[in-house]
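Please take a moment with the sequence and the model below before reading on. The paragraphs after them are meant for someone meeting this structure for the first time.

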Amino acid sequence: MTKIAITQIGLCTPLGSDPDTVLNRLLAADTSAMVWRDDLLLQQQTLVGAVGDADLPQIAPELARFDCRNNQLLLAAAKSLQATVAAARARYGADRIAVVLGTSTSGISKGEEALKYRAENGHFPAEYHYFQQELGSTSDFLRRVFDLDGPCYTLSTACSSSAKVFASGKRLLDANLADMVIVGGVDTLCKLTLNGFDALESVSKGHCNPFSANRDGINIGEGAALFALERGDNGILLSGIGESADAHHISAPHPEGEGAMAAMSAALADAGLTAADIDYINLHGTATPKNDAMESRAVTGIFGAERPWCSSTKPLTGHALGAAGALEAAFCVLLLSDLNRRGGLPLQHWDGVADPADPKLRLVSAKAPRFWPKHVMSNSFAFGGSNASLIFSRSQADD
């Protein structure tokens, strides 16, 4: 079985872009990146996880047709991979490096701006092109930034998009179609998404409250995270991947979590691990009534009474939708990294009022012991029952 090592990551998240900063804010349950905005929902404010504009680089003139906020987030995350990718291009060749990204919004916010301009002026702005909001433009943009010629495509399966890219990356490496695969995800705050979830009555009136009896919906977020995947057995490994498609409902999860359980079981089997080996689970934890009820049952069904420590990090960043899987995978990688040698897990930020109707999870609190985890799992569950579960591990050399 091919072992896959994560040789570099790049971040652009509401918690920051520097790994040390992101980890410290993650472990402190820092919610200061959540801000109130009045320009996204119709006639009301909403709390979102936002990346500061000051952190975003400008897109080069020769790539102007890709110019949108979504690709600015992507470019910010890509900066940390430049040296790693350049070395790989020299070693393997540009045609042996693939790009697979996940997104659900792409540059739709750019299209929203253009439609507003058209309504006011009778024509689209000169700098606007539909290509800026196409889903596939994200991967094509990154391929051009790094000057690559390998396989290049985008996955869009709603909230599991950038978790499923890890499976695609592993397949490309296993099939010897690439020697490095850059995977990740990016999504941007936009009106279409916010008002769509509001129409489903799924947006929280305040701060999202995962697994609480008082939960009332999600906060939306944005961000980007990238990973360089290569064959190897040192450092931090992508040790297990599980996917499932239960197709229970177009927007509601299976109430007993059958698809989620199938994904977690498949990830454990792929990693050659048992439930007892997992030290921490980054829960999907959206704070919608149905998701949290389902996920608590699914985790209990797989892990039983000896459940690992769990938490949802969405109260810190918002739900980044197509980028959520990548952002939360990056959080898991940081927990396994040398930066976390002193030991720590992300605290569960909530009101502490457990829902008596749902199985009780072992949520991380200030009383949880400090330790450096060995194996961590990240869950991503999407509309249509598109589920993905990832396991990341420290290699034996790091023990």
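Predicted model: local features only at pLDDT ≥ 70, side-chain atom pairs only at ≥ 80, totals over all residues.

The buried residues are Ser137, Thr138, Ser139, Asp140, Phe141, Leu142, Arg143 and Phe146. Their surroundings are made up of both helices and strands, for they pack against helix 2 (69-78) and helix 3 (82-92), and also against strand 4 (97-102), strand 5 (152-155), strand 6 (180-187) and strand 8 (223-231). Just after the helix comes Asp147, whose phi is positive, at about 55 degrees.

Among these neighbours, helix 2 can be followed in more detail. The axes of helix 2 and helix 5 come within 10 Å and cross at roughly 40 degrees, and because an angle under 35 degrees would count as roughly parallel and one of 65 to 115 degrees as roughly perpendicular, helix 2 is oblique to helix 5. The crossing of helix 2 and helix 5 is right-handed. On the side of helix 2, the residues that take part in the contact are Asn70, Asn71, Leu74, Leu75 and Ala78, and on the side of helix 5 they meet Ser137, Thr138, Phe141, Leu142, Val145 and Phe146. Sorted by class, the contact has seven nonpolar and four polar residues, with no charged residues.

Setting aside residues up to four places away in sequence, Pro125 touches Ala114 and Tyr117. Pro125 and Leu74 are 51 residues apart in sequence, and their C-alpha atoms are 23 Å apart in space.

Two further loop residues can be read side by side. Ala29 sits in the loop between helix 1 (19-27) and strand 2 (34-41), and its phi is near 50 degrees, a positive value in a residue other than glycine. At 13% relative accessibility, Ala29 counts as buried. Glu201, found in the loop between helix 7 (191-199) and strand 7 (220-221), is not a glycine either, although its phi is positive at about 60 degrees. With a relative accessibility of 71%, Glu201 counts as exposed.

How values were computed:
Residues numbered from 1 in each chain as written. Heavy atoms only, no water. Buried < 20%, exposed > 50% of the residue type's maximum accessible area, 1.4 Å probe, protein only. Helix = DSSP H or I, 4+ residues; strand = E, 2+ residues; numbered from the N terminus. Contact = heavy atoms within 4.5 Å. Axes fitted to C-alpha atoms, helices over the stretch in contact; angles between N-to-C directions. Parallel < 35°, antiparallel > 145°, perpendicular 65-115°, else oblique. Left-handed = near helix turned anticlockwise from the far one by under 90°. Nonpolar A, V, L, I, M, F, W, Y, C, P; charged D, E, K, R; others polar.
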